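Colleague: Please take a close look at one stretch of this model, and describe the backbone there residue by residue.

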Amino acid sequence: MKRKVALMSCTEYDVIKIKEALEETFRDNPEWLEGFTAGESVFLKLNLLLKKKPQEAVTTHPAIVEAVVRFFQDRQLKVIIGDSPGGPYLPSRLKNIYRVCGIEDVAERTGAELNYDVTETVVTFSSGKVVRSFPIITPVVKADKVVSLPKLKTHMMMKYTGAVKNLFGTIPGLKKADYHLKMPEVTNFADMLIDLALCVKPSLHIMDAIVGMEGAGPSNGISRQVGALLISDDPFALDVVATSLVGIRPESVPTITQAQKRGLMTNINDLEIRGESLNGWKLKPFKTPQIKEKVNFPIPEYISRILRPKPIFKKDKCIGCGECIANCPPKALSWDKGVPVVDLDACIRCFCCQELCPQGAIKVKRNILGKFLEM
Ligand code: SF4
Ligand code: SF4
């Protein structure tokens, strides 16, 4: 049987219209709701990467969150909303992020619970390819069902972030840095993300692709109208359709190619797309970051050091908040006269600093020859 992805046209952040699209999707695909039982709990795992306003297109939009909350409340499920954003995983930080991202208002309007439990539970995953146990935020483990609400964006390290990558936010706060440190290579990191997606195994994925992000995502790119909602019980299939929708070749995305190598995914022709046809979207392809980090031939280290991409700090934009320094996995950043400086020998090019800078003060600089060599 073909795996299914629903592709629904939805051009605005209107709670009523989004909920109508959800009702229609689940009317046509009732098997996706099997196992959701009245009286049980469902944890909505959002993308709340940073304290950003909804219109900045960094986080899952509150209108989608509200529509999904109301959808499950209509079916008498208890809804808990949360994420483990970048930086320390603390209730005070969660509160600020919920407020600025518009999620606190959703909770007030609907009565859904916001998660403030910052404990973790170690989950064994013996069939993992590269990781066999994960520390997972406890509400994800405790909930009867998990529904993931990713946002369609480009990503400086992984090229694209969607259904599979969204689940990295089930790892508590700064513990995410351990995975960057242990797996600095993109393919290894992608395999870890796949293991994690299989371990958490949400029942459903409902993607916010009404407005996505291209360029220097996931936080410093440019917002782009896409006008879609994507829904599936299969994160690999959903990511193949989402990337195809915005003109990103699925085979250029490491989480998709590694899933293909592991037999978890084939290609778009083996999927059944319900709702709208992909051909109905005439989008100019998203601009994507170049991510390949290794050339296929030996190159002296001193030349590689010059050619590889590196983070650059814009003094005029930096407010000295220290987020980049706190979140740098190998501790390659330090202060110099109030501005961060990078030790390029220690830097693993994960670009967490660029991703988590609230001011957009960090750019990734690429050498022209390095770009040509796809470093
Ligand atoms: S570069 Fe960005 S994250 Fe780092 S201290 Fe400056 S403003 Fe904060
Ligand atoms: S300086 Fe930035 S890119 Fe380099 S390791 Fe630290 S967080 Fe990653």
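**Around strand β10**

Modeller: K201 sits in the loop between α8 (186–200) and β10; helices (H or I, at least four residues) and strands (E, at least two) are DSSP runs numbered from the N terminus. This is a predicted model, in which local features need pLDDT of at least 70, side-chain atom pairs count only at pLDDT 80 or more, and totals for chains, interfaces and linings use all residues. Residues are numbered from 1 along each chain as its sequence is written, while chains are lettered from A and ligands numbered from 1 in the order in which they are written.

K201 is not a glycine, yet its phi is positive, about 45 degrees. With 12 other C-beta atoms within 10 Å, K201 is exposed (12 or fewer other C-beta atoms within 10 Å of its own, placed from the backbone; 20 or more is buried, and in between is partly exposed).

The loop between β10 (204–214) and β11 (222–232) contains P218. The peptide bond from G217 to P218 is cis, and its omega is near 10 degrees.

Where K201 is exposed, K159 counts as buried because it has 24 C-beta neighbours inside 10 Å.
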